[in-house]
Amino acid sequence: MKSNESSEMYLETILVLSKRLPVVRSVDVANELSVSIAMKHLRENNYITVTDSGFIYLTDDGKSLAEMIYERHQILTECFIKLGVSEDVATEDACRIEHVI
């Protein structure tokens, strides 16, 4: 099986859950890998703040990083389009590649 980061994360989560639960269901995996985990990491790295009402704001560091990522995405998309790749494929490929570089 060809492995990727996402698949590995799911496999690891299923293993960890199976040590705690008698059976593992999709909902258990979803809860474990929920958005709240990602948001927690963003807060811990001082990229966002979240108000008591649940409003999310980028910190200066978060905004700077987000702008850099988005600029990279735009540049890659434009390059792929200039190379003859369709806009949909260029956008999708740029999204994948931007996080690797």
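User: How many disulfides does the structure hold?

Analyst: This is a predicted model. A disulfide requires two cysteine sulfur atoms within 2.5 Å. The sulfur of Cys79 has its closest cysteine sulfur in Cys95, 16 Å away, so the two are too far apart for a bond. Cys95 is likewise in no disulfide, and the number of disulfides in the structure is zero.

User: Is Cys79 buried, partly exposed or exposed, and what is its relative accessible area?

Analyst: Buried residues lie under 20% relative accessible area and exposed ones over 50%, with partly exposed in between. Cys79 therefore counts as partly exposed, at a relative accessible area of 38%.

User: What is the relative accessibility of Cys95, and how is the residue classed?

Analyst: The limits are again 20% for buried and 50% for exposed. Cys95 has a relative accessibility of 36%, so its class is partly exposed.

User: Which residues of H4 are buried, and what covers them?

Analyst: The buried residues of H4 are Gly62, His73, Leu76, Thr77 and Phe80. The elements that cover them include strand E2 (56-58) and helix H5 (87-98).

User: Which residues does Thr77 touch, leaving out those up to four places away in sequence?

Analyst: Thr77 lies in helix H4. Its relative accessible area is 10%, and because this is under 20% the residue is buried. Beyond its sequence neighbours, Thr77 touches Ala90, Thr91 and Ala94.

User: Which residue with a positive phi follows H4, and what is its phi?

Analyst: The residue in question comes after the helix H4. It is Gly84, with a phi near 100°.

User: Where does Asn46 lie, and what is its phi?

Analyst: Asn46 is in the loop between H3 and strand E1 (48-50). It is partly exposed, at 42% relative accessibility. Its phi is positive although the residue is other than glycine, with a value near 60°.

User: With which residues is Leu42 in contact, setting aside neighbours within four places in sequence?

Analyst: Leu42 belongs to helix H3 (residues 35-44). At 34% relative accessibility, Leu42 is partly exposed. Outside its sequence neighbours, Leu42 is in contact with Tyr47 and Ile48.

User: What distance in space separates Leu42 from Val89?

Analyst: Leu42 and Val89 are 47 residues apart in sequence. Taken from C-alpha to C-alpha, the distance between them is 29 Å.

User: What separates the C-alpha atoms of Ser7 and Asp52?

Analyst: Ser7 has its place in helix H1 (residues 5-20), and at 24% relative accessibility it is partly exposed. Along the chain, Ser7 and Asp52 are 45 residues apart. The separation of their C-alpha atoms is 34 Å.

Notes. Residues are numbered from 1 along each chain as its sequence is written. This is a predicted model: local features need pLDDT of at least 70, side-chain atom pairs count only at pLDDT 80 or more; totals for chains, interfaces and linings use all residues. Side-chain values use heavy atoms; hydrogens and water are left out. Buried means under 20% relative accessible area, exposed over 50%, partly exposed in between (1.4 Å probe, protein chains only). Helices (H or I, at least four residues) and strands (E, at least two) are DSSP runs, numbered from the N terminus. Contact means heavy atoms within 4.5 Å.
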